[in-house]
Amino acid sequence: MQRGRRSFEFFCRNIPSDRVFKISPRMAHSERCCYKPVLRWNARVEEYFVKAYGVEHFSRISEALTRPSTYSCIRVNTLKATTDTVIEKLTSFLHEAQPKTCDHGVSVTEGDSPPIVASGEKQEEKIEEWQHKSLGLNNCGPHSGLPGHGDASLIYKCPFPGLDNVVFVKGSGPHKIEYSDTPKQLLKEVIVSRKCAEAVLRGAQIFVPGALACSAHVEKGDTVAVSVAVEQPSSEGGWNFGFTRGTVLQGLETDPQYHERSGMYIGQGTTLMSRAGIFRESSGVAVEMRKRVFELPSFNDVLEGEIFLQNLPSIVAARVLDPQRGERILDMCAAPGGKTTAIAILMRDEGEVIAADRSHNKVLDIQKLAKEMGLTCIKAYKLDALKAICRKNDSSGSTLSNCKNEAQDADVPDSVLQSSKDTDHSLTVDVSNHDTQCTVNGESSNHGTYLSKAHDRKNARRLKNGPGRNHCKGGRVESSKGFNPNSFDRVLLDAPCSALGLRPRLFAGQETVESLRNHAKYQRRMFDQAVQLVRPGGTIVYSTCTINPGENEALVRYALDSYGFLSLALQHPRIGGPGLVGKCDLSDGNLVEEWLRPGEEELVQRFDPSSSLDTIGFFIANNQMALTNFILTVGGVTAAILLLRSDVKQSAAIFRRNIRQIRHWIEEESVSASKAAEKVKPKELESQIPEKEIQKDKH
Ligand SMILES: C[S@@+](CC[C@H](N)C(=O)[O-])C[C@H]1O[C@@H](n2cnc3c(N)ncnc32)[C@H](O)[C@@H]1O
């Protein structure tokens, strides 16, 4: 009792007084409503975000993150279907499949058109006004009655210009869920883990490993109230659930977890196993959900190949890349292939989309999705994006033909120098053949790469021991040893990130200031590779699904400051908000970070989960580099896009000068590759480049 009470007080501490859930005896057992989880953050991360967004705004973001979007976004494969036919088919599917259990009362409408906003007008305000009027987004206050009763799920053609292949399916919630008049001592309950609950809120069922605690005497077929256990601060300073798996819930105020469950109910379900089964079995569905606090129609296995469920900002990011038929595009971190397939469809399946991911099984997922969607222009490879540029190992002696040794002045980025040290590779790259790429165990293995000794040893091990655990999914995946610099028309870097924009999220305490900084470092190294891979005049889009400015605006700052030939440019479509201007330093002085400068904020788009667009957090930036358009997309549901422009000739000169200088330090002064890379300051070098070198370049 004592413990439970303390936890409840802790839980209430951060809730505004008007939102504190007062437990009345009736409410406590017959109505599990008021879904009001409070997102917990690491204290320093919270301080950092409060500095970035302000207290009020961050609190709104934090709250929005705990809820799923109130609508689903479906991208139509326009090579197989039209948006109108998909709307028709989905509508009849919903009518046929869910008339009684869910009673979504689907109606089909194209909705009012969104405001066409002339440049200079207050786009955000107009769109917001329209959304409230037309889509009803964010009008998700508590509804009375059971979910699905009287609520209309509307299917809309997305009305934003440039997104006519997108369909919105509106859901509803949070709903109040009633539990009849079951006396509280008879009410049966299941508590699930936080991760399981996040999946349930997105439409999943409860699988055995997700169930943590359960009332006594639960039998198969029982109706149970489902709540979620979220990590709590532990006395040792970490986080834990505060109880062990298999705990018996008593459903009474004397139950230690009883008060913590208020505001944490996510729905009601039917058990498919007894209590004993739930904690004995290792797999299977433990509880089938019947009612959820948020209802979104599920389209699992519906119109396979014709539609793809995707976040709106992700769809926007692929559009901003603006891929054209016949082009050669690289998607550097591609799995599961959502943006890859969007790109291929925009190209009408004409050209080449190289989809790379470092995970073997995820590459299989990309292949599967491409096949399902009938896309033949996608080639998927296993590749570490940090080593995406084809290099040559002088020492191995097993060099393949196409990676020539002649590119003395090639545009090798610092990160390649860094990784060349790590992998003991030389700096030589091939800039001569844009069509080649270097693969290892696939059919292109004779296409110009070198094989290191480490690789030889790995292959020998494979021959002896078989494919290893990475191949557990079966299927064949080609590994790539990287691509030649300047060999892509456009590059998408949808970088791995802290994912702090993804919704619903019920806990964020695992991210520390240090872990956020590490994500940013990782992304910068990938970005360095992307800059090298895109051809002069090409385009790069960088994107993440996080609200962390360190992975968004600070990366843009890094890009602009490190590569003087990059500049920001406008994005189409642009439905997100502006980026963050300014800088941040934490109270202990350990984190000093610069974001955008005035004038740059409107050239990125940031999707804010608390805005009326009701998306995940996402950020997109669109950059152009000396003859290269570089589009940077950051943030899952908050998106920002950068477009950087620069003088091509000058950038080439800067690169050459950098490389010569680095070579000199390494070869003549025996400075390590990483130290040499650190010494390079592109901006300084830029001002030192004699005009005659720039002129020379022009010829
Ligand atoms: C944000 S997800 C990409 C989502 C994808 N673009 C889409 O729209 O479906 C990031 C991906 O990066 C991959 N990844 C992480 N580190 C990587 C690396 N060093 N090289 C290549 N891929 C990496 C992960 O496996 C993950 O699939």
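This is a predicted model: local features need pLDDT of at least 70, side-chain atom pairs count only at pLDDT 80 or more; totals for chains, interfaces and linings use all residues.
A334 is buried, because 29 other C-beta atoms lie within 10 Å of its own, where buried means 20 or more such atoms within 10 Å, with C-beta atoms placed from the backbone. Residues are numbered from 1 along each chain as its sequence is written.

A334 sits in the loop between β17 (328–331) and α10, helices being DSSP runs of H or I with at least four residues and strands runs of E with at least two, numbered from the N terminus. Leaving aside residues up to four places away in sequence, A334 touches T340, A355, A356, D357 and I366, a contact being two C-beta atoms, placed from the backbone, within 7 Å.

A335 lies in the loop between β17 and α10 as well, and A335 is buried, with 22 other C-beta atoms within 10 Å. With that exclusion of residues up to four places away, the contacts of A335 are D357, S359, K362, V363, D365 and I366.

Now to the ligand, which 18 residues surround, the closest being C333, G338, R358, A385 and D494; a residue counts here if its C-beta atom, placed from the backbone, lies within 6 Å. To that shell, α10 (338–346) and β18 (352–357) each supply at least two residues. Finally, an unreviewed UniProt entry lists under "binding site" several positions, including C333, A334, A335, G338 and D494, although such annotations may be inferred rather than shown by experiment.

Technical notes:
A residue is buried if 20 or more other C-beta atoms lie within 10 Å of its own, exposed if 12 or fewer, and partly exposed in between; C-beta atoms are placed from the backbone.
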